[in-house]
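Please read them alongside the sequence and the structure.

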Amino acid sequence: MNLSVAVAKNWGIGCQGDLVFRIKDDLKRFRQLTTGKVVVMGRKTLESLKDGKPLPKRDNIVLSREAGLVIPGAIVCGSASETREVLKNYQPQDIFIIGGGDIYAQFLDDCKFAYITKVDATANADAFFPNIDEMPHWRLVEESQPMQQDGLRYSFCLYQNEKL
């Protein structure tokens with residue numbers, strides 16, 4: 001399993017139901033990583049997407065505590081354990097956890113790779129990603145040269161979970 005996220009220096013990822021940064025190259029990288037794959041997200045993340053609909057050309061799995069929720073074009077699961085059962089039907093390398101903060105926290109230890117766009121700016125955020133740099137079993141294995149868009153400096157990082 002993998003994850004994809006863009007983080008601020010303070011590990012902020014979202015504020016009031018939206019991303020803290022919209023970087024064109026990051027969104028392009030996200031599309032390249034996840035198209036034709038499985039994406040796992042919480043209901044609030046789904047609602048933050050364009051038109052609040054599942055992502056095209058991907059198998060969408062949405063976690064929600066709302067009983068009986070039906071989302072056309074998505075598989076809805078009521079818990080992390082139910083989601084893990086559904087994910088057994090897919091190849092681990094084809095699965096991407098894509099948010100939000102609670103979903104990342106629940107599945108972080110199940111992920112072998114973390115594709116993280118690190119933005120060199122602090123964000124006003126109410127949703128955060130765990131500081132993976134402080135976790136001894138996660139190792140930075142690749143980092144791009146710094147890039148810039150609209151005054152924001154960022155780099156693409158790949159972390160590997162050494163427990164898996």
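1. Asn 60 is placed in strand E5 (residues 59–63); helices (H or I, at least four residues) and strands (E, at least two) are DSSP runs, numbered from the N terminus. The model is a predicted one, in which local features need pLDDT of at least 70 and side-chain atom pairs count only at pLDDT 80 or more, while totals for chains, interfaces and linings use all residues. Residues are numbered from 1 along each chain as its sequence is written, and side-chain values use heavy atoms, with hydrogens and water left out.

2. Asn 60 counts as buried because its relative accessibility is 3%; buried means under 20% relative accessible area, exposed over 50%, and partly exposed in between (1.4 Å probe, protein chains only). A polar atom of the Asn 60 side chain lies 2.8 Å from the backbone oxygen of Leu 55, and a polar atom of that side chain lies 3.0 Å from the backbone oxygen of Arg 58. Residues up to four places away in sequence aside, Asn 60 touches Val 39, Met 41, Pro 54, Leu 55, Gly 73, Ala 74 and Ile 75, where contact means heavy atoms within 4.5 Å.

3. Two backbone positions deserve a check of phi. Lys 57, in the loop between H2 and E5, has a phi near 60°, a positive value in a residue other than glycine. Gln 16, in the loop between E2 and E3, has a positive phi near 50°. Lys 57 counts as exposed, at 70% relative accessibility, and Gln 16 is exposed as well, with a relative accessible area of 73%.

4. The peptide bond from Gly 99 to Gly 100 is cis, with omega near 0°. Gly 100 belongs to the loop between strand E7 (95–97) and H4. For context, most residues other than glycine have a negative phi, and most peptide bonds are trans.

5. The largest pocket has a volume of about 1400 Å³. Of its 46 lining residues, the closest to its centre are Thr 45, Ser 48, Ile 98, Gly 99 and Gly 100. A pocket is, on a 1 Å grid over the protein atoms alone, an open set of points where a 1.4 Å probe fits, with protein on both sides within 12 Å along at least five of seven lines; lining residues have an atom within 4 Å of a point. H4 gives the most to this lining, with 5 residues. By class, the lining has 17 nonpolar, 14 polar and 15 charged residues.

6. Strands E3, E2 and E9 form an open sheet in the order E3-E2-E9, with antiparallel pairing; two strands pair if DSSP finds at least two bridges between them. The edge strands are E3 and strand E9 (127–128), each pairing on one side only. E2 and E3 are joined by 2 bridges, and Cys 15 stands opposite Asp 18 in E3.

7. Which strand is largely enclosed by the rest of the structure? Strand E12 (residues 152–161) is, because 7 of its 10 residues are buried. Strand E8 (residues 113–119) pairs with E12 in the antiparallel sense over 7 bridges, and Tyr 115 stands opposite Leu 158 in E12. Strand E10 (residues 138–143) also pairs with E12 in the antiparallel sense, over 5 bridges; Leu 140 has Tyr 159 as its bridge partner in E12.

8. Strand E11 (residues 147–149) and E12 pair in the antiparallel sense over 3 bridges, with Met 147 partnered by Tyr 154 in E12. E11 and E12 form a hairpin with 2 residues between them, and Asp 150 in the turn has a positive phi of about 50°.

How values were computed: Points joined across faces, edges and corners; volume = space filled by probe spheres on them. Nonpolar A, V, L, I, M, F, W, Y, C, P; charged D, E, K, R; others polar. Polar contact = N/O pair within 3.5 Å; in protein donor to acceptor, adjacent residues only side chain to side chain.
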